[in-house]
Amino acid sequence: MSLLRQQPLAVQMNRESCLVLQLSRQGRHFVVDHFSQQHKNSLSDKGLNKDGIVSALDYTATHYQKIALDNHSQVEEQLLEKLPPQLKTSTGISYDYFTRDNEAEAVIGQRSALEELLAILAPLQMPVHVVEPAYQSVVRATNAVLPYLWPDNAIFESTMQWVIVELRQPQSILLYCKGGVFQRLEYVDTFNLLPYLLSAQMSGKFSWVMSFGDKAVQSSLDRQLEGQMQLTHLVLSTSPFFKNNPAPIVAALDNEMVLLGLALRGFNQWHR
């Protein structure tokens with residue numbers, strides 16, 4: 001059965017716990033069929049529709065790579081030749097890729113991290129349909145919530161460039177996008193985030209900053225960017241997406257961009 005005809009169960013690891021989310025569609029809107037937080041060592045399938053699992057590997061367990069292809073060797077050979085040093089010495093990797101024109105885009109994951117994740121999910125006794133990198137989930141969720149959050153007086157252009165910032169300590173993660181499509185990621189020390197964003201903006205990389213994550217850092221960044229002419233700041237939230245759900249669920253999901261992106265995977269024909 002096509003994943004698009006199912007209600008995939010999104011499971012996100014969060015330290016010692018797992019966040020579990022299952023959505024259904026009501027007309028043009030989504031509602032929460034199930035949301036829970038469970039300990040990763042005691043997952044239960046009680047109350048779940050068993051349509052299969054989608055989950056994500058954290059940034060630290062994956063590597064994104066885009067390379068120019070030549071016509072003299074297989075794509076796999078070229079990807080493996082250009083792995084970063086830390087992955088070349090890894091005990092095992094899993095990878096997936098697609099080609100377009102003369103380029104290949106690949107995601108390489110640490111096999112040990114993938115096997116650990118699959119072991120944690122095993123008690124749910126459901127097939128694991130998809131394991132994707134966290135950045136893919138974040139970009140999908142951002143594209144989904146933007147119509148709810150976009151300022152009335154702002155013009156949206158299909159070629160716009162923006163950066164999504166997942167605010168963490170001690171480093172934040174920057175996801176660069178063009179027209180809603182992921183381009184690359186990088187890590188920046190959170191204490192130096194604002195100067196870095198302003199410097200990067202001056203080089204013409206983007207004019208919009210969209211952020212979520214650490215609430216204290218979010219509040220500080222919002223104050224610092226208020227009134228800035230160079231950058232437009234948008235605080236990402238999943239709350240408008242779930243306005244038909246009870247308030248406690250909305251509040252709990254407000255900052256869960258990865259989880260939302262995973263849950264939407266089965267409702268979206270385009271998975272990038």
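These are notes on selected features of a predicted model.

1. **Strands 9 and 10.** Look next at one pair inside that order. Strand 9 covers residues 161-167, and strand 10 covers residues 171-178. They pair in the antiparallel sense over 6 bridges. To find your place, take Ile164: Leu175 in strand 10 stands opposite.

2. The peptide bond from Gln169 to Pro170 is cis. Its omega is near 5°.

3. **Helix 5 against helix 6.** Two packed helices are described by the angle between their axes and the distance between the axes. Helix 5 spans residues 193-202, and helix 6 spans residues 215-225. They pack at an angle of about 45°. Their axes are 11 Å apart. That angle makes helix 5 oblique to helix 6. The crossing of helix 5 past helix 6 is right-handed.

4. **Residues at that contact.** Which residues meet where helix 5 packs on helix 6? Helix 5 brings Leu193, Leu194 and Leu197. Helix 6 brings Leu221, Gln224 and Leu225. By class, the contact has 5 nonpolar residues and 1 polar residue. No charged residues take part.

5. **Helix 8.** Helix 8 (residues 257-264) is mostly covered. How many of its residues are buried? The count is 8 of 8. Among them are Met257, Val258 and Gly261. Leu259, Leu260, Leu262, Ala263 and Leu264 are buried too.

6. **Asp101.** Now check the backbone at Asp101. Phi is near 55°, a positive value in a residue other than glycine. Asp101 sits in the loop between strand 6 (93-100) and strand 7 (103-110). Is Asp101 buried or exposed? Its relative accessibility is 74%, so Asp101 counts as exposed.

7. **Gln125.** Gln125 is not a glycine, yet it has a positive phi of about 55°. Find Gln125 in the loop between helix 3 (111-121) and strand 8 (128-133). At 63% relative accessibility, Gln125 counts as exposed.

8. **Leu121.** Leu121 belongs to helix 3. Why does Leu121 count as buried? Its relative accessibility is 2%, and the cut-off for buried is under 20%. Leaving out residues up to four places away in sequence, Leu121 touches Val11, Met13, Leu43, Ile53, Ser55 and Val128. Take Val11 from that list. Leu121 and Val11 are 110 residues apart in sequence. In space they are 8.3 Å apart, C-alpha to C-alpha.

Technical notes:
Residues numbered from 1 in each chain as written. Predicted model: local features only at pLDDT ≥ 70, side-chain atom pairs only at ≥ 80, totals over all residues. Heavy atoms only, no water. Axes fitted to C-alpha atoms, helices over the stretch in contact; angles between N-to-C directions. Helix = DSSP H or I, 4+ residues; strand = E, 2+ residues; numbered from the N terminus. Parallel < 35°, antiparallel > 145°, perpendicular 65-115°, else oblique. Left-handed = near helix turned anticlockwise from the far one by under 90°. Contact = heavy atoms within 4.5 Å. Nonpolar A, V, L, I, M, F, W, Y, C, P; charged D, E, K, R; others polar. Pairing = 2+ DSSP bridges. Buried < 20%, exposed > 50% of the residue type's maximum accessible area, 1.4 Å probe, protein only.
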